[in-house]
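Welcome! Please take a moment with the sequence and the 3D view, and then we can walk through them together.

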Amino acid sequence: MSALPPAVDLVARASSAAPRERSAAASGFRPARGRRARASAFVGALVAAVLLLTTGDSSTFVLSGQSLLAPAALLGAVAALAGYAIAGRRRAARTADAAQRFADVSRVRVHRRVRVAIHAVLLAVGAQAVLHGWFAESAERARAEDARIADLAAMQRMLSQRIGRLASALLAPDADPSPGLRELEEVLDRAETDARRLETMLHEKGTLLQADTLELNAAWAAWKGAHASLLASARALVHRDLPVEAALRTGSVASVQAQSDPALDAAQRLVDALSTLARERELTAVSQARTQSLLTLFVLLGLGVFVAEPAARSVKRQHAFLAERMEDLQRLALVAERTTNIVVLTDERQRILWVNDAFRRITGYDGSHALGQTPEQLLVDRQSNTRTLARVREALARGEGARVQLLNRTREGRELWLDVDIQPLRDAGGKLTGFVDVASDITERRRAQADLRVAAIAFDSLEAIAITDARRAILRVNPAFTRITGYQPYEAIGRTPGRLLGSGRQGREFYRAMHSALERERHWQGELWNRRKDGELYLEWLSVTAVTDDEGNVENYVAVFTDITQKRQADETIHRLAYYDPLTELPNRRLLRDRLQLAMQSSERSRRHAAVLFIDLDRFKILNDTRGHEVGDLLLVEVARRLTAGVRASDTVARQGGDEFVIVVGDLGADEAQAKEQVERIATGLRASLSQPYQLAGHEHYGTASIGIHLFVGGQHTVDELLERADVAMYQAKRSGRNRLGFFDARTHAAVTERAALEADLRIALPRNQLQLHFQPQIDERGDTIGAEVLLRWMHPQRGLISPADFIPVAEESELIVGIGDWVLQRACAQLASWSEREGFAGLQLSVNVSPKQFRQADFVDRVRTAMHAAGIAPGRLKLELTESLVALDIDETVATMRRIRELGVGFSIDDFGTGHSSLTYLARLPIDQLKIDQSFVRKLPTHRSDAIVVQTIIGMAASLSIEVIAEGVETPEQRAFLEANGCRRFQGYLYGRPAPIGEFERRLRESLSGRGA
């Protein structure tokens, strides 16, 4: 049996409430004489305590009459208490019969007597403890002060010795005395400070003024004189300029050394005198402590005989009475301990005082964890019991009981539901003294109830449920079953699912395998096609579980299924979107890679060739830009249809993206030449098919395609490498004139690789200031410079100067030309602005080449306006050079854009005129100011007749249209003479100057102006 609970006193007090009331009634008076005796005893004890606290001196320990007065007063108080106790015993003997009749009154008096005895003993012992403590504290304080004084005296001896050593160290030859002097000065400062502290402490303590300290006084006077002489000699040494007075250093040091030894001896005598005085005073304190201990012994003996012994007898009688009650309380405690329910005793603030074994077993908390805490703090899940806890708190605050069900947490964190009955405990006067909590574990019951609720909700879930018997006849269905199948419960009950819902799409083998799995594993799940009541087929995901008895016999089957028809359709849609192009319904890039991987594996196994055809539509962007993306999409769909029709069913036609298509052709010949002939025949047919006219939105369109081909065997290359090689072959075919076939070769691949590297470098050329502007002068018939053409140059840090013929096409194809063109335009405007205030430069014009992609930008006009306004140039000084191919592409849009730019004061020149699709029609419509004769015609003048005729025709045509003509590439006087003779008045070429950076261009122009002025 476990120990009695501390709170069992609650029951004892409640059971003894009536006897106490009777005893109080029987002893309704207290003798006045007893009260006076007890008061006298307490007053005597109080006087003794006051005397003890005021006796003695904190600095001396001499036994005196006053120090003996306090123990005498204490003994008198104890004697008074003893007399009261003896008188009480006599009165008790005379009234033995009365005490027997009033047993309850005697018990009450026992309690009083015990309390008086305990208070008396505690008062006596406490007073003695205070006395001893006070003496001990005084002795310890005096000893500590003596120790500090002795330490300071010993420190003076050490400092005197150190001063002598530091002075001797200054005599060392070839040594810098400065550090030693600084250290000596620090030691002197410390010696003076400690000496003052020592003298102050001795005067404060009064040690030098008492009659028993004559030896100490003599030692102190001797040390003080020696110490002063030593410090004076050392100070003189410190303040002497030793480097200058090196000859005097030996004498100063000798003086310090002579004073050091007397100071050491005097300090030692002082230390010895202090130690002797301290020992004498300690002996005096010990003697006084012995006297006090002897008095304490006498006091305690008196208390033991006259106070403690009577109280002990009273306690013994009380114990006999309590023993009678103990048996009843033990029975009560045993019931509380052995019950299977939790029992908790708490105080009035709900702090736990005792718990039984059931509490420890159920919650996991033992007494060490529970005591002092409230059940709410220890167990209750506050978030889940907010309202219930509020109701319980209100009831307990009113001192009432409550019965609730609470969710708790065990020590391991497990959920624990308790049915708790909390009832208050009160004393005889009705005062609330605590609560008793009795709780039972209802976790399993709550879980079972929750399972039933979950099962009921689950049966009405969105998933269809059918419960059958062992012969698979339906016993029960839920509403979701009716919603999915269309059958009401009364139509389904009694019938088997196979006959009720069977679609006929699964054969007998399917159902046989299902039934075998159910018999073997008691579970089956999978997809199943069934038929609704209206005849519509649907796909379901079915899970069937067998329910068995304790012996393993099947009693029921539970079938749970959901309609996944829409999910299957969505999955198929997602699959198409993931692997097929939504426009052409061809495999996309992702599926193409899978198919190409399979083709590589097949070729590896058969050692037969396969091929990748990379197809790009020629001029597809022009169709998109002129006719719109809707028409472009129609073309892509028709191209996909023709490509699919032109290959075998085993081949793969995929859309790579944009207007690029890829075809994977497998199972070609084992011989490379034969395989090449086969794939070339297929590609030729495709090219011919793609060249046929297209009917797109009521308009006929003619298009071509460039095809790149790469043959391969097995897995020598990765998928990316195969596609890259086919792309390189296509790119070469397109550069060869479009509407061509091209097979991959290493040289082409190297060129494409070089182009890719060049493009990568070009992307960072502008941010890194690698691009430069060169200026080539334009001359009139008088030889005056009227302006210049702005030409772009690229100074690569590794490649050196790169020709525009190499990087401009790369910039055009990679769209980088737009940003580069804007930069050239801005720099040209800024240059014109810088010339506007300079003599000889203010009238110059600059011609800037504009690429087709730059010109076709929707905001190109705004960009030109922004560049001009930012620079602040005057109209008429900027000229834009356009190519014939640009203006012929979309004449209406081109004319509209040019007119908007002309409104800004910008002129136009047609560059390389005569090499493209020259037409009088668009020349008449275009708002141009100048035609530039291409240098390919000028180069062979005047000897080449056909070029001369072309040049004469261009000049005549321009004159008839009132358009200015300028010839580029003029390198000889004969060329200039021929051009001038035929009416050309503007020239540009090496004859007048090569393209040069701005600095060199300005220098040449200044030299020309100065020479003409001279």
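Of the 1014 residues in the protein chain of this predicted model, 42% are buried. The accessible surface comes to about 53900 Å², and carbon and sulfur atoms hold 53% of that. As you trace the chain, you will pass 36 helices and 27 strands. Taking contacts between residues at least 6 apart in sequence, 62% join residues at least 24 apart.

Let's stop at one helix. Helix 20 runs over residues 589-606, and its 18 residues reach 25 Å from the first C-alpha to the last, close to the expected 26 Å.

Which residues of helix 20 are buried? They are L591, L592, L596, A599, M600 and S603. In an α-helix, residues three or four places apart point the same way, because each turn takes 3.6 residues. The cover over the buried residues of helix 20 includes helix 19 and helix 24, along with strands 11, 12, 13 and 16.

R607 is partly exposed, with a relative accessible area of 44%.

You can find a positive phi near 60 degrees at R522 too. R522 sits in the loop between helix 18 and strand 8, and is partly exposed at 31% relative accessible area.

Finally, look for the cis peptide bond between L941 and P942, where omega is about -5 degrees. P942 belongs to the loop between helix 33 and helix 34.

Conventions
Residues numbered from 1 in each chain as written. Predicted model: local features only at pLDDT ≥ 70, side-chain atom pairs only at ≥ 80, totals over all residues. Heavy atoms only, no water. Helix = DSSP H or I, 4+ residues; strand = E, 2+ residues; numbered from the N terminus. Expected span 1.5 Å × (residues − 1). Buried < 20%, exposed > 50% of the residue type's maximum accessible area, 1.4 Å probe, protein only. Contact = heavy atoms within 4.5 Å. Areas by Shrake-Rupley, 256 points an atom, 1.4 Å probe, with all protein chains shown as cover.
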